Amino acid sequence: MYLVAVLIILVEIQATSEEQEKKKNPTCAVFPKNQHVQFGSEVQVTCQSSCSEGQIYWVVNGQVVADRFSKSINSSHTVLSLKNFTYQSAIIQCHSVFNDLVLDGTNIKTYTKPSNVSCLIRLNRTAEGFPKMVCNWEHAMSSSWKITYTVQSTCDSCSDLKIAYCNSGTTSCVFKILPFLARNFSIVVKANSSSWEVKSDMYSFDPFQIWVLAPPELHVTALVSYLLVGWNQSDTIGNIIHCQVRYSQVLDNRTEVQVVNKSLTRKDKRAWVTIEGVESCVVYTVSARCAVDRSPWSEWSLGHTAVSLLNPKTFQFNLWRKVVQQKSSGVREVKVMWTEIPQTCKEEYTYYVDYLLYTLLSATSNNGGSVCSPLSCFISLAPEAHVIRLSILQNELSVANKTVYVPAVGETLPQVSDIQASAHGGIIQVNWQAPRHNVSGYIVDWTDDGKTYFWKRSNHTETKLYDLRDFRLYNITVTPVFGNKTGHGKKAPQVCSRRRVPQAIYISELRPEDTRVYVRWKIEAEDKCSTAVENFTVFCRQVEKVPPVMLYNQSVSFTQRRAVLENLKQSTKYGVIVMAMGHTGNISSTETHFQTQKHDPVLVLVMTICVTLLFFSLSIFGVCCVWYKTFLGKMVPNPGHSSLALWPSQSNQKITSHFSQPLEGETRCVRVYPYEWDGARDCLVPPYLGDDSKPETAGEETEWAVPTPEGSSLSAGEDSEPPTEEVELSADQAGISVQDSREEEDTLLQEYSEVFLLPQSSPYRSQNAVPPQGPQSVKDGRELSGNKHSPMYVSMEMFREGPDRG
């Protein structure tokens, strides 16, 4: 007892001391703490400011709240009222105006009520056709909250209260027991957590508007020109059932979707839908959905795939021909081509080709036809115009028939003009001008190897070619089509689908000088499409530097194959690389080394040429001097330029004595003249050099000295002195008589011939006696110096130009 009393006393003493301590140290606080409120409701928070003097203000998530939302109850308590609170989470703080300190705060979180409640009554085939009701709703909540939901279904107009419940931990719930379906019913969803509880609004439903059928199970059958889709009808509470059949196919990497509608009645247990206009041998994906009148659609059924058969109504079947060779006889080798039946078609087909003369179209084929491969066939045609016919058979039944015209050799037909072809991004664009004739279309065929041809039909004067092989050169032909005939084809310029850089590049020539080098290169391309070079770049570096330093690079146009690198050092080793750059990549040559020269080669060449010219000039000058001294320096008289004259009778003995010594004291000098015949006189006439010349002028000719018996020279040598005396011959000394007979003259001429031993071909002409002339001047003759012998001098013409001198 005493122990209990002591404990009570101690507790009372402690409580009293705490109250006294509070009075001594007043506190500040914001309450209520950590509350949860419904989203959009009103929030009230109280701030106790006993620990601070003066007024306070409120802050919500860092933003100051206006004073009108705050109300002071007394000097130490202030209440904040916030209507339509829409923060999901907010921190509310109480601040002192005096020192701007936070006195206290609280955290408020909001919750929402479930919304957008929807319910559907689904017919589940897996549960033996027993329907179930599924309700779904939306609820914004924090992931940290653990919430349970209770869904309550209530019949609106039932006399007895019929309520059904469904519990779930998610925003969806399936009722195990269906509500009463004959009347409308209401749904309420209640959410519960450890801190709060909230109910949704009430939603009313009509059972006939939320009845959802199960997806149908389809059966698809492919027939010749359509697809037949069927399914079994499900039981339903409605009278009218609407269905949709969806089918799709993949075309050019895109999916094309179409829908067929079908309406049924409740009594129809089996439903059928026909899909018309399907493509030939195309894989279709088919699905369906149904709905009761005014109810939502069911889900789409699982896709069912089916392959259609060849449809002659929609199959774009085209036939074309290409003359690949024409012989000299006019016979043509023709390749017949047609649209390939898709490989997805599993049926077997027979391709039959025959041809007829264009003038005998009503007759049967003239060759019996031939069975060809599924894609093309080769036939030979005569020079005349023909029509080729193709028949496709399936199980001996004709599926398709097509004809194409082949013009005769040399037939005049229209053709397109101004055809152009260009490539971009692997696609070739072809444009042309239409002929003057009205055409129904154009056939464009192309090939890159001359063996495999592709072709298409176009109704315009332009088209694009797709699915081409890269870096291939294509030959394209455009042929107009009009009526049941075709014109002549026109070839477009060859074009590459894509271009690339060449396969290799190499330096073909390096010509270094002292401070620059000439570089030439070549490229190696496998084909014409391997020439796509945007520019060339020449890189140069000095090899001897460690590490090698790139000096500079020089870019040139793609059309050039040479470059000049300047500002190099003399006698230095360099390395050169040429790079070809294009949009498909770059290629480089191997590095080639060279060494610059020590001197400028142009200067060395000029010096060499000058020295060579000087040497040859001196050589030629020396040769000319030697030649002149050897040939022109020695003047030899030409006997063909002299004449013979008759001497006086006294001197005949001296001449005939063959260079006998003349008498002492005798000096004879006789002028010898060329031979001229004067028809008026039977005598020798001295020649004249010109019209006004005198006989004395002949004395300027070079003289010929007759040798003496002692063997003196025929001409005056260096030791001979010029004559200084003039010698005259008297009539007695000359001994010439005008009465000499012709016989005497002939005898004398013969003696002269014997003395001088003249051959028959001597250049001296026969001479006649000349009458004695008067006294001669000193120029008419010269006397030899020496002893008292009397030598005789003969003056002769010494020079004559031409090859006869000697």
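Residues are numbered from 1 along each chain as its sequence is written. Because the model is predicted, local features need pLDDT of at least 70 and side-chain atom pairs count only at pLDDT 80 or more, while totals for chains, interfaces and linings use all residues; side-chain values use heavy atoms, without hydrogens and water.

**Aromatic pairs**

Searching the whole structure gives 13 aromatic pairs (rings of Phe, Tyr and Trp, the last by its six-membered ring, with centres within 6.5 Å; planes under 30 degrees apart are stacked, over 60 edge-to-face, the rest tilted).

Tyr574 sits in strand S47 (residues 573-582) and Phe594 in strand S49 (residues 592-595), so their pair ties together parts 20 residues apart in sequence (strands are DSSP runs of E, at least two residues, numbered from the N terminus). Both Tyr574 and Phe594 are buried, meaning under 20% relative accessible area with a 1.4 Å probe, protein chains only. Phe315 is buried too, at 17%, and Phe317 is buried at 5%.

**Largest pocket**

What volume does the largest pocket have? It comes to about 1,400 Å³. Of its 34 lining residues, Thr339, Glu340, Trp455, Lys456 and Asp467 are the closest to its centre. (On a 1 Å grid over the protein atoms alone, a pocket is an open set of points where a 1.4 Å probe fits, with protein on both sides within 12 Å along at least five of seven lines; lining residues have an atom within 4 Å of a point.) Strand S36 gives the largest share of the lining, four residues.

Terms used: Buried < 20%, exposed > 50% of the residue type's maximum accessible area, 1.4 Å probe, protein only. Points joined across faces, edges and corners; volume = space filled by probe spheres on them.
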